[in-house]
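I opened the model today to look up a few things in turn, and I am noting what I found as I go.

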Amino acid sequence: MKRSKTRQRARFCLEQLESRWVPSVSVSNPNDVLNVTGDPNGVLTVTQTAPGLWTVNDNGTDVAIDITANSGVNITTQGGDDTVILNSTTPDITGSVQINTGNGDDTVHIQNAGGAVTIQNLLLITTGNGDDTVDFPGGAVTVGGLTSINMGPALGLLGGDFANIQATATLQGGLVVSEANTLNLAGDVTGQTTINNSAPNPAGVPNSITIASTALLTGNLSITDGAGDEAATLGGTVTGNATVFQGDGANTFTLSGTGVIRGALNYNGGNNDDTVSLAGIVRGSATVNLRSGSTNTLTMDGRVLGTMSVTGSGAANNLNFNAASVIGGNLTMNLSTGANLVGINGTVGGSSLSYTGGGGVDNVTFGGTAGGARLTVNLGAGNDIFALTSNKYATLSADGGSGTDTFTNTSGPIHAGSTVKNFE
Ligand SMILES: [Ca+2]
Ligand SMILES: [Ca+2]
Ligand SMILES: [Ca+2]
C-alpha cells in the first residue's frame with residue numbers, strides 16, 4: 001500500500017517537471033556520435049572535456065554532461081539566429097564534425113580552450129540563409145580531412161556572410177568555402193583550396209577575398225565568382241596553380257608584393273571593369289583575360305617567370321608593365337576594339353614580345369628591356385600611336401594598319417632586320 005502510494009507520488013512529480021521544462025536542444029550519442037539538435041535559448045557550447053567525453057551547454061546551463069562520443073559530432077540548429085561554439089579542452093576530436101545552423105543570422109566558432117586541437121576527419125559547416133559568421137578563434141585548430149564551409153545566401157543587413165580562417169588554423173584535407181561575402185584566409189591549407197561565390201550577392205554587398213601573407217596553400221587555388229563586384233587579394237603562397245574567374249561586375253584582383261604562385265596564374269575577368277595588379281611572383285606562366293567592360297586595367301610590378309598572355313575584348317584596356325616588372329618568357333598581348341593604352345617599361349626575357357590591337361585607337365609605348373625579342377606591334381584599324389623609346393630589342397616589326405598612324409622613335413637607329421610600315 002505504502003509502496004504504491006510512493007510510486008504514484010513520484011509519477012505525479014515527473015509529470016509536473018515535464019509540463020514546465022521544455023528542453024531547448026536534445027542530446028544523444030547513437031553509434032558513438034554526439035548528436036545535438038534543437039533550437040537553443042542562447043549560446044550553444046559543445047565541449048569535449050576529456051577524450052570522448054562531451055558537455056552541452058545552452059545559454060549558460062548544462063543540458064548534458066559526460067556524454068560519451070568517440071566517432072564524431074553532429075550539431076543541428078534551426079531557423080533562428082544561433083551562436084554555436086565547438087570547443088575542446090583535449091587535443092583530438094576523433095571522427096568528423098558537422099554543424100548545420102539552418103537559416104537565420106548564425107555564428108559558428110571552432111575553437112579550443114586548452115592547447116592545440118585536431119579534428120581528425122572532416123569539418124563540414126553549413127549556415128543557410130542569413131548573414132552568418134564562421135571563424136576559428138582561440139588556439140591552434142587542425143583539421144585532418146576536408147574543411148567545407150557553405151554559407152548559403154545572405155540578406156546583407158549585417159554585411160553578408162563572413163568566414164575568418166585565422167593563421168592558427170591548419171587545414172590538411174583541402175578547403176571549400178562557398179558563398180562567403182567576406183573571406184579572410186590566413187591559415188594553411190594542404191590540398192585543393194576552392195572558393196566559390198557563384199550565387200548573386202545581396203544588394204550593396206561586394207565580395208571580398210583576402211588570402212593573407214601568412215597563408216601557405218600547398219596545392220591549387222581556385223576562385224570562382226558570379227555576377228556582382230568582387231575584390232580578391234592574394235598575399236600568401238600557392239604552391240600549385242591559381243585559377244581566378246571573377247565573373248561579371250567590377251572586379252579587382254591583386255597579387256600583392258608578398259604573394260607567390262609557384263605554378264601558373266590563369267585569370268579571367270567578367271564583362272565589366274576589371275582591375276588587375278600583379279606585384280608578387282608567378283613562377284609559371286600567367287594568362288590574363290580581361291574580357292569586355294568599359295575600362296580594364298592591368299598593372300604589372302611583379303615577376304612572371306614563364307610566358308605571359310593578356311587578352312581583352314571590346315573594352316578600353318590600360319596595360320602598365322612598369323620598370324620593375326619581369327616576364328621571363330614571351331609576352332603576348334591581344335586586345336580588341338577599344339582605346340588601348342599600353343606601356344611596356346619592364347623586362348621581357350623571351351624571344352617574342354607582341355602586341356595586336358583592334359579597331360580602336362591603340363597607343364603603345366615600348367621603353368623596356370627585351371634584348372632577345374622580336375618586337376611585333378600590329379595596331380590594326382584606327383588612328384594609332386606607337387612610340388619606341390628603348391633600343392633594347394632584337395628586331396622590330398611594326399605595322400600601323402589602316403587609319404592615320406603615328407610612329408615616334410627616340411631610341412636611335414632601327415635595328416637591322418626590322419620592318420616598319422603603314423605609318424603616315
Ligand atoms: Ca539558425
Ligand atoms: Ca548565409
Ligand atoms: Ca591603325
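Predicted model: local features only at pLDDT ≥ 70, side-chain atom pairs only at ≥ 80, totals over all residues.

**Entry 1: one threonine and its surroundings**

I began with Thr193 and asked which residues it touches once its neighbours within four places in sequence are left aside; the contacts are Gly174, Leu175, Leu217, Gly219 and Leu221. I then looked up where Thr193 sits, and found it in strand S21, which covers residues 193-197. Is Thr193 buried or exposed? It counts as buried because 25 other C-beta atoms lie within 10 Å, and the cut-off for that class is 20 or more. I also checked one distance, that between the C-alpha atoms of Thr193 and Gly173, which are 20 residues apart along the chain, and noted 9.5 Å.

**Entry 2: the overall form**

I next turned to the whole protein, for which I counted 1 helix and 48 strands. The C-alpha trace spans about 120 × 35 × 25 Å along the principal axes, and the radius of gyration is 29 Å, whereas a compact globule of 424 residues would have one near 22 Å. Of these 424 residues, 43% count as buried. Among contacts with a separation of 6 or more, I noted that 38% are between residues 24 or more positions apart.

**Entry 3: an open sheet**

I followed one sheet from strand to strand and found that 12 strands form it, open and with parallel pairing, in the order S8-S11-S14-S17-S20-S23-S26-S29-S32-S35-S38-S41. Its edge strands, each pairing on one side only, are S8 (92-93) and S41 (347-348). At the S41 end I looked at strand S38 (residues 326-327), which runs parallel to S41 and is joined to it by 2 bridges; here Ile327 stands opposite Val348 in S41.

**Entry 4: the nonpolar core**

Which residues touch the most other members of the largest nonpolar core? They are Val46, Ala163 and Leu375, in a core of 94 residues. Strand S44 (residues 370-378) gives the most to this core, with 4 residues. For Leu375 I listed the contacts beyond four places in sequence, and these are Leu353, Phe366, Ala370, Tyr393 and Leu396. As background, I noted that nonpolar side chains in soluble globular proteins tend to be buried together.

**Entry 5: confidence**

Last, I checked the pLDDT, which has a mean of 93 over the protein, with 94% of residues reaching 70 or more.

Terms used. Residues numbered from 1 in each chain as written. Chains lettered and ligands numbered in written order. Buried ≥ 20, exposed ≤ 12 C-beta atoms within 10 Å, placed from the backbone. Contact = placed C-beta atoms within 7 Å. Rg over C-alpha atoms; globule rule 2.2 N^0.38 Å. Core = buried A, V, L, I, M, F, W, Y, C linked by C-beta atoms within 7 Å. pLDDT = per-residue confidence, 0-100. Pairing = 2+ DSSP bridges.
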